[in-house]
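User: I would like to go through this model with you. Please begin with any term I will need.

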Amino acid sequence: MSETAAAPSGRRRVSPGAVLDSFFFVLAGFASVWLAVLLATESLGLGWGLLWFAVLFWALLAYLVLPRLHRILTRLYVPDYFIGRTRTSDGLLGDPVNLAVTGSAEQLHAALAAAGWTRADDVTLASSWRIVTATVRRRSYLRAPVSPLFLFDRVQDFAYQQEVANNPAKRHHVRFWRCPDGWMLPGGHRVDWVAAGTFDRAVGLSLFTLQITHKIDEHTDVERDHIVASIRRAVPETRLVLIRDFATGYHSRNGGGDTIRTDGDLPVLDLRTVPGEAGAVVELTGLS
Amino acid sequence: MTRTDARVRVKRPPSVLGGVLLMGVRAVTGGFVILTVIVSWDTFVATIVLNGDRLDRSDPHAAAAVLGWLLGAYGLYLVLYLGLAALVFTGRNWARVVAMSFASVSILFSFADYALNGAQITLRTSLVSVTVDILILLALSSTQARHYARARRAAR
């Protein structure tokens, strides 16, 4: 509630600095499009130089021009309140929120570690460099960082992953966000964490920005159920509340343009457990 | 909140670092222009024209003085520009706005020349400098750079 109330009032108060910032933001967007046109025109006059120019052109388009255009447009028309979807740093709709957790941060970290999940490093210059060297030398990087996704207007608090047979292109991974104080899921369920778990199946190009990225498996429910099962196996006391049809089942695309299909169920893992007591499974269904 | 707290909390984003480096590139290329002029001084003195006559023929000292003044002014501008880059690096919001304004004005002039006069912008003419200006504007207008400058201002 506090979150939804704060957002509109902050937007109505417009300071001259913010207007100036928006002006430069949009001007830079247009200027980058012009730059792309200039580079394309220039490349027509090049013979063999065309090859490296094409790479330069792609880098400009994928990492500067398209993200900026997406940011300008998504700020206008993508909703900023909770709709069960995360957003990419360009504002596009990202992976679906398909898991929730009740419990403290310590309980969550302990349960994930027990279930064989490795915490991902934050994205820094050092960890980015390690990804490059690990890929080139074909070494595994267990704690490889995951890309930032946004919920509640901020990047994930942390992410966990599981490697697949020493293949850096494939991995299980799940991102967690702490919910704002007093915040409730649609339907009035109170949880402490929400999470988005997907399976990276390959490395490829994003459909919307042309950036190099992981492509996710479209059956996100399989990954969700894998996360739940792994935690319940490792910590049998975990109670499971399964909210049936939390969202309507849907087909869609994430921020990289990969298809998603889900039945819309939302499992809530309750880690505030009583030791020695097997956790119950509670199923919540709607009227019908 | 104390200054040290803020310094620990607010990390400088790559976009600010990139923008400042590009501003450095711009200043260094300006320095090369000055060096080029000094190396072939006589050729450039001969290009100074007053009322349709070459000034170095009637008054060689005055022609040299004019060129010296122009170079000095440009050099001062470059030094101030480097100072501006340093202030952007430390997270001054006004410095970021001024740097973005410089880049914008330069881009808009180039664009007007391109759109209205049909100026050719290629590698041999001004493509590199226009590219650097646009990249500076993109980097410093990014959300990360804005948040960084705002957070530093709030901390001060």
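Analyst: A residue is called buried if 20 or more other C-beta atoms lie within 10 Å of its own, exposed if 12 or fewer do, and partly exposed in between, with C-beta atoms placed from the backbone. By that criterion, 32% of the 288 residues of chain A count as buried. This is a predicted model, in which local features need pLDDT of at least 70 and side-chain atom pairs count only at pLDDT 80 or more, while totals for chains, interfaces and linings use all residues. Residues are numbered from 1 along each chain as its sequence is written, and chains are lettered from A and ligands numbered from 1 in the order in which they are written.

User: How many helices and strands does chain A have?

Analyst: Chain A has six helices and 15 strands. These are DSSP runs numbered from the N terminus, with helices being H or I of at least four residues and strands E of at least two. The C-alpha trace of chain A spans about 75 × 50 × 35 Å along its principal axes.

User: What is the strand order in the open sheet of four strands?

Analyst: The order is β2-β1-β5-β6 in chain A, with antiparallel pairing; two strands pair if DSSP finds at least two bridges between them. β2 (93-96) and β6 (154-155) of chain A are at the edges with a single partner strand each, so one side of each has no neighbour in the sheet. Strand β1 (residues 85-88) of chain A is joined to β2(A) by two bridges, and A:Arg85 has A:Pro96 in β2(A) as its bridge partner.

User: Which residues have the most contacts inside the largest nonpolar core?

Analyst: They are A:Ala100, A:Val101, A:Val174, A:Val191, A:Trp193, A:Val194 and A:Ala195, in a core of 33 residues. Such a core is a set of buried Ala, Val, Leu, Ile, Met, Phe, Trp, Tyr and Cys residues joined through C-beta atoms within 7 Å. Among the elements that give two or more residues to this core are α4 (105-114), β8 (167-178) and β9 (193-205) of chain A. β9(A) gives the most, with four residues.

User: And what does A:Trp193 touch?

Analyst: Leaving aside neighbours within four places in sequence, A:Trp193 is in contact with A:Ala100, A:Val101, A:Leu108, A:Phe176, A:Trp177, A:Arg178 and A:Cys179. Contact requires C-beta atoms, placed from the backbone, to lie within 7 Å.

User: Is A:Val164 buried or partly exposed?

Analyst: A:Val164 is partly exposed, because 14 other C-beta atoms lie within 10 Å. A:Val164 belongs to strand β7 (residues 158-164) of chain A and touches A:Lys170 and A:Arg171, not counting residues up to four places away in sequence.

User: Changing topic: how many residues does each chain put into the contact?

Analyst: Chain A supplies 14 residues and chain B supplies 15 residues. On the side of chain A that touches chain B, α2(A) gives the most, with 12 residues. That side divides into 10 nonpolar, one polar and three charged residues. Ala, Val, Leu, Ile, Met, Phe, Trp, Tyr, Cys and Pro count as nonpolar, Asp, Glu, Lys and Arg as charged, and the others, Gly among them, as polar.

User: At what angle do α2 and α8 of chain B cross?

Analyst: The axes of α2 (residues 14-39) and α8 (residues 143-155) of chain B cross at roughly 95 degrees and come within 8 Å. Axes are lines fitted to C-alpha atoms, for helices over the stretch in contact, and angles run from 0 to 180 degrees between N-to-C directions. α2(B) is therefore roughly perpendicular to α8(B), a term for angles of 65 to 115 degrees.

Technical notes. Two residues are in contact if their C-beta atoms, placed from the backbone, lie within 7 Å. Angles under 35 degrees count as roughly parallel, over 145 as roughly antiparallel, 65 to 115 as roughly perpendicular and the rest as oblique.
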